[in-house]
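Colleague: I am new to this structure and would be grateful for a close look at its aromatic pairs.

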Amino acid sequence: MIDKDLFMSIDALIRKKQTGTLDELAKKTGVTKRKASKYLDCMKDYMDAPIIYNEEIKSYEYTNEGQLSLEWKKA
């Protein structure tokens, strides 16, 4: 089962460039490092979120502007 609130928390931290390392992201969101990694992978692989880890600022960030959406939109 996915946790929509966790996706939104990670998204907010990425937008602020305040995730820290993967360990720090896990602590900030209250999940294991493995779960945080899986959610990042899901965001990148299935939601096409352009996420990179910026070693200079020690945070994940988006490489361009966009919006993460987890809701069904009726056509």
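Modeller: The account below takes up the aromatic pairs one after the other. The model is predicted, so local features need pLDDT of at least 70 and side-chain atom pairs count only at pLDDT 80 or more, while totals for chains, interfaces and linings use all residues. Residues are numbered from 1 along each chain as its sequence is written, and side-chain values use heavy atoms, with hydrogens and water left out.

A search of the whole structure finds two aromatic pairs. Rings of Phe, Tyr and Trp (its six-membered ring) pair if their centres lie within 6.5 Å; planes under 30 degrees apart count as stacked, over 60 as edge-to-face and the rest as tilted. The rings of Phe7 and Tyr39 are a tilted pair, because their planes stand at 45 degrees, with the centres 4.5 Å apart. This pair links distant parts of the chain, since Phe7 belongs to helix α1 and Tyr39 to helix α3, 32 residues apart. Helices are DSSP runs of H or I with at least four residues, strands runs of E with at least two, numbered from the N terminus. Both Phe7 and Tyr39 are buried. Buried means under 20% relative accessible area, exposed over 50%, and partly exposed in between (1.4 Å probe, protein chains only).

The rings of Tyr53 and Tyr60 form an edge-to-face pair, because their planes meet at 65 degrees, and the centres are 4.9 Å apart. Tyr53 is partly exposed, at 29% relative accessibility, whereas Tyr60 is buried, with a relative accessible area of 12%.
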